[in-house]
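This report covers ring pairs, strand pairing, salt bridges, a helix and a surface patch. The structure comes first, then the account.

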Amino acid sequence: MQPLIDNARSFGQRPEEFAHLAEGQSPDVLFITCSDSRVVPALITGARPGELFELRTAGNVVPPHSFEHPTSEAATIEYAVEVLGVKEIVVCGHSHCGAVGAVVRGDDLAAVPAVRDWLARAADEPKCSDPADPTVAEAVQNHALTQVLRLRSYPCVERRLAEGRLGLRAWFYEVHTGTVLEHRADTDSFEKL
């Protein structure tokens with residue numbers, strides 16, 4: 001922890017670099033990804049403060065839209081689209097994802113009931129031909145595409161898509177190589193950016 005504290009102390013020694021951030025934010029991208037500590041959106045994209053609006057959830061899950069039971073995730077998506085006017089939403093899954101791996105392997109999650117219930121409620125089992133693959137690449141890629149489809153059911157997203165004012169992307173980040181792949185509709189495959 002001490003290195004983190006030391007960096008936080010020195011970080012605040014450069015206020016001139018951050019003064020403009022007090023004027024507000026206008027990110028172009030909502031970046032939805034997993035809570036996994038190995039996935040660092042600003043590091044992956046090179047974004048500076050104020051350039052990405054982030055939503056991090058266990059397994060980069062976008063829960064089904066519901067007016068009766070609003071979620072923090074839905075509020076974040078709605079705010080990004082309606083208030084901030086983001087132009088793109090990226091759903092970024094990653095290799096070696098514990099959440100997706102647990103779903104496809106059928107792991108016993110009794111010791112972590114909140115995780116178990118979140119995944120059971122919010123994550124459909126993604127197609128996976130080899131659940132023993134430690135990268136769970138195929139499953140995570142299919143899972144990311146499912147989350148993009150779920151986003152389309154959010155009224156604000158559906159409307160902005162119809163107006164041609166929003167794009168949706170599915171990415172896959174390989175934590176062991178740093179490579180980022182994007183789903184290409186024309187080939188229905190994930191290819192390097």
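## Aromatic pairs

A search of the whole structure finds 2 aromatic pairs. Rings of Phe, Tyr and Trp (its six-membered ring) pair if their centres lie within 6.5 Å; planes under 30 degrees apart count as stacked, over 60 as edge-to-face and the rest as tilted. F31 and W171 have ring centres 5.8 Å apart and planes at 80°, so this pair is edge-to-face. F31 lies in strand β1 (residues 29–34) and W171 in strand β4 (residues 167–173), so the contact ties together parts that are 140 residues apart in sequence. Helices (H or I, at least four residues) and strands (E, at least two) are DSSP runs, numbered from the N terminus. Both F31 and W171 are buried. Buried means under 20% relative accessible area, exposed over 50%, partly exposed in between (1.4 Å probe, protein chains only).

The rings of F53 and Y79 have centres 5.9 Å apart and planes at 35°, so that pair is tilted. The pair links distant parts of the chain, 26 residues apart: F53 sits in strand β2 (residues 52–57) and Y79 in helix α3 (residues 72–83). F53 is buried, at 16% relative accessible area. Y79 is partly exposed, at 36%.

The model is predicted: local features need pLDDT of at least 70, side-chain atom pairs count only at pLDDT 80 or more, and totals for chains, interfaces and linings use all residues. Residues are numbered from 1 along each chain as its sequence is written, and side-chain values use heavy atoms, with hydrogens and water left out.

Strand β5 (residues 180–184) is mostly covered, with 4 of its 5 residues buried. β4 and β5 run antiparallel and are joined by 3 bridges. Two strands pair if DSSP finds at least two bridges between them. β5 is also joined to strand β6 (residues 189–192), by 4 bridges, and these two run antiparallel.

Which residue stands opposite W171 in β5? It is E182. In β6, the bridge partner of E182 is E191.

Both hairpins have a residue with positive phi in view. The β4 and β5 hairpin has 6 residues between the strands, and G178 takes a positive phi near 85°. The β5 and β6 hairpin has 4 residues between its strands, and D188 in the turn has a positive phi of about 50°.

## Salt bridges

A search of the whole structure finds 13 salt bridges. Each is a side-chain nitrogen of Lys or Arg within 4 Å of a carboxyl oxygen of Asp or Glu. The table gives three of them.

| Pair | Closest N to O distance |
|---|---|
| R9 and D6 | 3.6 Å |
| R169 and E182 | 2.6 Å |

R169 and E182 form a salt bridge. The pair links distant parts of the chain, with R169 in strand β4 and E182 in strand β5, 13 residues apart. R169 counts as partly exposed at 32% relative accessibility. E182 counts as buried at 13%.

R9 and D6 are 3 residues apart in helix α1, so about one helical turn separates them. R9 is exposed at 56% relative accessibility. D6 is partly exposed at 38%.

R184 is partly exposed at 36% relative accessibility.

A network of salt bridges links E82, R159, R160, E163 and R165.

## Helix α6

Helix α6 (residues 137–151) has 15 residues. From first C-alpha to last, α6 reaches 21 Å, close to the 21 Å expected at 1.5 Å a residue. That expected span is 1.5 Å times one less than the number of residues. The buried residues of α6 include A137, V140, H143, Q147 and L151. H143 has 3% relative accessibility. H143 and P131 are 12 residues apart in sequence and 13 Å apart in space, C-alpha to C-alpha.

## Surface patch

M1, L4 and I5 make a nonpolar surface patch of about 330 Å². Patches are made of residues with over 30% relative accessible area and no salt bridge: like charges are joined within 9 Å, nonpolar side chains (Val, Leu, Ile, Met, Phe, Trp, Tyr) within 5 Å. Accessible areas come from the Shrake-Rupley method with a 1.4 Å probe; for residues, only the protein chains shown count as cover. L4 lies in helix α1 (residues 2–11). L4 is exposed, with a relative accessible area of 58%.
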